[in-house]
Amino acid sequence: MKEERYQMAYYPELLLNELGTNEEMDNSRNPLPVSLQRKTLKLPTLPESEIVRHYTHLSQMNYGIDTGIYPLGSCTMKYNPKISEEIANWDVVTQVHPYQDDTTIQGSLQIMFELEKLLCVITGMDAFTLQPAAGAHGELLGMLIAQAYHKENGERRDEVIISDSAHGTNPASAKMAGYTVIEIPSHEGVVDLDALRSVLSSKTAAFMLTNPNTLGIFEKDILEISSEVKKAGALLYYDGANMNAIMGKARPGDMGFDIVHLNLHKTFAAPHGGGGPGAGPVGVRKDFKKFLPIPRIRRDKKYFFSYAHPKSLGKISQFYGNFPVLLKAYIYIIMNGGDGLTKITERAVHNANYMLDRLKNSSYLIPFGKKRMHEFVASAINLKREKGIRALDIAKRLMDYGFHAPTIYFPLIVNEALMIEPTETETKKSLDDYIDALIKISKEEPSIVKTAPHHTSFQRIDEVEATKNAIHNWKEIARLSVSK
Amino acid sequence: MATQNLSMPPKKNRLNNIEAFFTDIPKKILLKKFDIPKGISEMETKNKLKHILKKNIPFDEAPSFLGGSVKPHYVPAVVKAIVNRSEFFTSYTPYQPEFSQGILHVLFEYQSMIAELTGMDTINISTYDSATALGEAALMSSRITKKNRFIIPANISWEKKTVLRNYVNNLGMEIQELRYQDDGLVDISELNTKDVAGVYIENPNFFGIFDTRLDEIRETTENTILIVGINPLGLALMRPPNEYGADIIIGEGQGLGNHLNLGGSLLGIFGCKKNHVRMMPGKIVGATHDKNGKRAYCMTLQTREQHIRREKATSNICSNEALCAVGATVYLALLGGLGLQELAITNMERANHLAALLKKYGFSFPFKKQFFNDFVAISPINSKKLNDALLKRKFQGGLILKNWFPELGESFLFGVTEMHSIELINGFAEEIHEILQTIEKT
């Protein structure tokens, strides 16, 4: 069993300021007047070799998709092709300034121009902007576009409807754009049409939806949903976090969505970078095109940035978007092609259903029927009742088998939720090993599971103490008691 | 062979036929034709990208002297080697700390070093860039004070202004601009902070000038939230903003070990004093223990965040620029305090060297104050004409300011760093001299 083999690396690594020395500040050559000079700067000095060892040790205490399966639901942790990293490190990519003359960035402009077109084809939208730096950033832009659209039509609509299974960023983004959030309960894991009808009104600006939803269920009433939303004069917003389930099979544009964001660091295989940079391009129907951020990218013999768009919202990012992430998505799309992307979707959906099928007769409960797209949610409620094992304990215990945990306690509508998205890049063996571990954990002694992990660099970490201590930098570390 | 073109598993392992998975999609919208060209091999992909990207002209081929928040800086090999370790860059946001101690530890060091530079207590692990950081700071000041008026200098970049407006416009906040004085510094003499949520100032400012009125700034903003826009490199020489009353700091961290990348993958620095931490946007790493008493790190104060608090969260931010923060950490570790100070002095000296040459060749300088690695200079000829002529001679000139500051005439914002050697600066100035002479003759 893998459990016996797996042991994460551990180094008793100190903080940099404990490893290096602080040299006295020397202001003799400081050109500023003495009254403006800083008196101390405690950034430690270490030899290069020690710095490399320090960060190499730390990297070995970090688990990435290159280490193993990372099936976080709605996060689409797929393998990131190495060729994209290689190209993104070329000087023609890295050494280019955002204010350079358009004629000297024709390569980057061409890639962005073509990527916008490719994303239009993939989603069925009419125009894209690549400017948002992350999914939530795209959502915010999408909601600002909704505001601009209704305002132009002389309408005051200040409510945005969101399903109770929606990603947390949806309500947060709607709120940042000035909307009141109306949450509707789902029914049997999907949008409750009656509940939706009952809140749709002349005050509704938009309905934000992800399809398939966070349970991995395709909203099969999508055409009715979109017609109801339209009837109310509201817009339909597509959260593209789950695009890996439908690429090449169906398009948000054809479902009736007006505004769409994609997460290029999910579906399009750009790495997550330990939390970013990502990219959250936004696509719109043609009626909304005029609101997109400037500059737009145009072609007239040469490619150029175009700023003369009086209805544009201006900017949502300082420059044009996270170019290396855009580049990686472009590489992924042209390398796989339409045929490859469709196969990726099929394989991703297959893998999720394969895992779900293997969990059917286990202690894990699968709420809301058995058919899923690219991800599914299992509940550990039975294990909690019978053995006191919570979703959190299972997540921690999985690490002892060398696997990353699923997303836990989300969506909020499932108790003790384990949200699993394997992606297409896991082999059958990898899926089998993961399910074997889940089933084995369900039969293990609760005392082992509840105290897990045991084979990681660190054992269970006390997050409550972190909140209580509020130690956020090394100057404050003295307040941390040496050992409990 | 395309790496991602994985075939389906053998038939016997399939649950159903593939189409059965997609029957919930209404027939009417099932995609009939996916209009994306067929896939190509890795080798063909690389060749195609080489062909496209060779149309870009990188710094080495046409060095630029463009000023502003993003600048060319040397990225040491060690930084690249660490940032390119896939244990870091292929990991997700560290929600399971036992599996992610590596990046949590690095990000805690990042927070610590930026805290040391700025004098703030808590630094988040990043916002998207300095423009969105300003938007978040304005919203935060309003949350703290429950007031809606936000004051900015007229002389900040137009990108920051437009992004700021998009962040606050729909939340009933009002932006008020303060004019700048003849010396290029923002005019705070008439500043009235009654009913003001926050005041934003930059030091050094967009024109590159150091603000010397530290006591005055502290006194006039005492009753409101003071947000200081910093340049992390400038802070190696300059007094940290906590010493003149800053509650929040923001800044652009791209220069700390991150490439230009056409202005993408920037690093929005965001920090505050401890008393405001619960109003702060973004992710924070805190120190704690594991079960066996070993010092460990985890994300903390998550009840401020969208995945828990939903519409009541302090921000919608989730994915951020964590890997750029990792780069900045390794960079600061390599330079240390003395190295950073040395680098800052070099930047300042080089900028002054270029300014002196331009003065000799007929440029005028509207502001007489001491500047850091950006400065404003007014060209004796049309600024666009000069930049076009420079481009023919394989140089990118300065940033033309005319669109945003027409009152400054044919002005440029020049940016100079350690990437601009003395020879390079001399060569650049020589080209400008020649261009000016040629035009004079005709």
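I noted that the model is predicted, with local features requiring pLDDT of at least 70 and side-chain atom pairs pLDDT 80 or more, whereas totals for chains, interfaces and linings use all residues. Residues are numbered from 1 along each chain as its sequence is written, chains are lettered from A in the order written, and side-chain values use heavy atoms, without hydrogens and water.

**Sheet.** I traced an open, mixed sheet of seven strands in chain A, ordered S1-S9-S8-S7-S6-S2-S3; strands pair if DSSP finds at least two bridges between them. Its edges are S1 (127-129) and S3 (180-184) of chain A. I then looked up S7 (residues 235-240) and S8 (residues 259-262) of chain A, which run parallel and are joined by four bridges. There, A:Tyr237 stands opposite A:Ile259.

**Interface.** I recorded 207 residues of chain A in contact (heavy atoms within 4.5 Å) with 174 residues of chain B. Eleven salt bridges cross this interface, each a side-chain nitrogen of Lys or Arg within 4 Å of a carboxyl oxygen of Asp or Glu. I looked up B:Lys274 and A:Glu476, a salt bridge whose closest N and O atoms are 2.6 Å apart. Helix H12 (residues 323-359) of chain A gives the most to the side of chain A that touches chain B, with 26 residues.

Conventions
Helix = DSSP H or I, 4+ residues; strand = E, 2+ residues; numbered from the N terminus.
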